[in-house]
Amino acid sequence: MGYKTLCFGFSCILFAYCLYSPIPENIEEPWKVRFTDTLIKVASHMAKLFEKIGVMKYEKIFSTVTTFYIVQAVSDENVTVIDREFNNIPVRLYLPKRKLERKRPAVIFIHGGIFVFGSCKVAAYDNLNRLTSNKLGAVVVGIDYRLAPQYQFPAALEDCVHVIKFFLQDKVLAKYRVDPSRICIMGDSSGGTLAATVTQLLRNDPEFKNRIKAQALLYPGLQMIDTFLPSHREYGHGPILHREMMLRVASLYVTKDSSLTQALLRNEHMPEGSRHLFKFVNWSDFLPEKYKKNHVYTEPVLGKLNASYPALMDSRLFPLLVNDSQLQNLPLTYIFTCEHDLLRDDSFIYITRLRNVGVRVIHEHMEEGVHGAISFTTGTLALHLGFKIRDRYIHWLEENL
């Protein structure tokens, strides 16, 4: 009887949360978005409770849930799927079975998950990479990089760089019949952060600069210098990605000290001597007028943290911090943004800066879009938005790779 009462009470709380969760009017399938958003909120509250009573760390509940969605490497009639290691780092390869007269393009896929959870092997990403490989006749390499908090910055980045440099060797490209002039690096969310950084590093490396034809970034996070951008203020409570949860989890890539999270929430996390970086992320200079609205720019507050975190000033962590001379070397860039996303303005700033230095940028913006939609393309709660984004991305690859 007690168990049934508990379940009934939990169901009532979940239902009330669904009714309470505000969802933008122009989102299609609002009940699915609202329910998914509610599940994320409930998981966050449960994680806080579990951490408080000593059951598990806050982030553990999200990484545990992710493991339920991991699928095995199963080949089908169109694509051979195999798990391998490149430079001792796990990867999943998607190799198209149909024969092509010329060499194949390749896509290197870097998954999202706020640096703390996720895998290239979860069902939604597996489906995406399988479809990409089949439609383009492309070799796809998914990277299972090390995750925080066990492995902190720059572990994830180093794994991605090591895998990509291994793959870009002439003998490896020849083994998989890949055309070295048709390679794209792709990532979504924090995977987009890593993809942007890796592309910057490789395009400024004489040995590899001509091996990357394009980069594709789906709703990436590109900075945490300023956590009061207009999109942070407008969509701090979601849907899907919530400011407090995102900053709490993302800070684990730098430190386990919770004081950084609190400082990030107040926009008081940057150290003395970092003001020169603000010009790279000053939204009042780079955002289109439409998105500035009535927001007033204020600088992040300096020197409030007792501890010092040099990573916060490192462009390898935040791709928006590189100077213009490094940006102008970047290849064709595809950026997909969603209106109802607290990370939206990161991309708008990057798009403006890239175009200002002459980089060719293809920008697609979905007015009804929400963060992470491409991750919700399996199961009962699969979002039509996710399929739309997936199809637009693959169409762009077909046209440009």
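Which residues make a nonpolar surface patch of about 290 Å²? Leu49, Ile53 and Val55 do. Patches are built from residues with over 30% relative accessible area and no salt bridge, where like charges are joined within 9 Å and nonpolar side chains (Val, Leu, Ile, Met, Phe, Trp, Tyr) within 5 Å. The accessible areas come from the Shrake-Rupley method with a 1.4 Å probe, and for residues only the protein chains shown count as cover.

Before we go on, a word on what you are looking at. This is a predicted model, in which local features need pLDDT of at least 70 and side-chain atom pairs count only at pLDDT 80 or more, while totals for chains, interfaces and linings use all residues. Residues are numbered from 1 along each chain as its sequence is written, and side-chain values use heavy atoms, with hydrogens and water left out.

Let's return to the patch. Ile53 is found in the loop between helix H2 (30–52) and helix H3 (60–67). Helices (H or I, at least four residues) and strands (E, at least two) are DSSP runs, numbered from the N terminus. With a relative accessibility of 55%, Ile53 counts as exposed. The scale works like this: buried means under 20% relative accessible area, exposed means over 50%, and partly exposed is in between (1.4 Å probe, protein chains only).

Now turn to the rings. A pair of aromatic rings is described by the distance of the centres and the angle of the planes. Rings of Phe, Tyr and Trp (its six-membered ring) pair if their centres lie within 6.5 Å; planes under 30 degrees apart count as stacked, over 60 as edge-to-face and the rest as tilted. Searching the whole structure gives ten aromatic pairs. One of them joins Phe109 and Tyr125 in a tilted arrangement, with 5.0 Å from centre to centre and 55° between the planes. Because Phe109 belongs to strand S3 (residues 104–110) and Tyr125 to helix H4 (residues 123–136), this pair ties together parts that are 16 residues apart in sequence.

Elsewhere, Tyr58, Phe62 and Phe117 make up one aromatic cluster. A charge sits over a ring if NZ of Lys or CZ of Arg is within 6 Å of the ring centre and within 35 degrees of the ring normal. In another example, Lys279 lies over the face of Phe280, 4.5 Å from the ring centre.

Charges can also meet each other. Side chains of opposite charge can pair when their charged atoms come close. A salt bridge is a side-chain nitrogen of Lys or Arg within 4 Å of a carboxyl oxygen of Asp or Glu, and the structure holds 28 of them. In one, Asp83 pairs with Lys121, their closest N and O atoms being 3.9 Å apart. Asp83 lies in strand S1 (residues 79–86) and Lys121 in the loop between S3 and H4, so this bridge ties together parts that are 38 residues apart in sequence. Asp83 is partly exposed at 31%, whereas Lys121 is buried at 16%. These two residues belong to a network of salt bridges that links Asp76, Asp83, Arg92, Lys121, Asp126, Arg130 and Asp144. Another bridge brings Arg316 and Asp314 together at 2.8 Å, N to O.

What about the cysteines? A disulfide is a covalent bond between the sulfur atoms of two cysteines. Here it is defined as a pair of cysteine sulfur atoms within 2.5 Å, and the structure holds zero disulfides. The sulfur of Cys120 is 10 Å from the closest cysteine sulfur, in Cys160, so the two are too far for a bond. Cys120 is buried at 0% relative accessible area, and Cys160 is buried at 0% as well.

Finally, follow the backbone. The peptide bond from Ala148 to Pro149 is cis, with omega near 0°, and the bond from Phe153 to Pro154 is cis with omega near 5°. Pro149 sits in the loop between strand S4 (139–143) and helix H5 (155–167), and Pro154 is placed in the loop between S4 and H5. Asn267, a residue other than glycine, has a positive phi near 60°, and Lys293 has a positive phi of about 50° although it is not a glycine.
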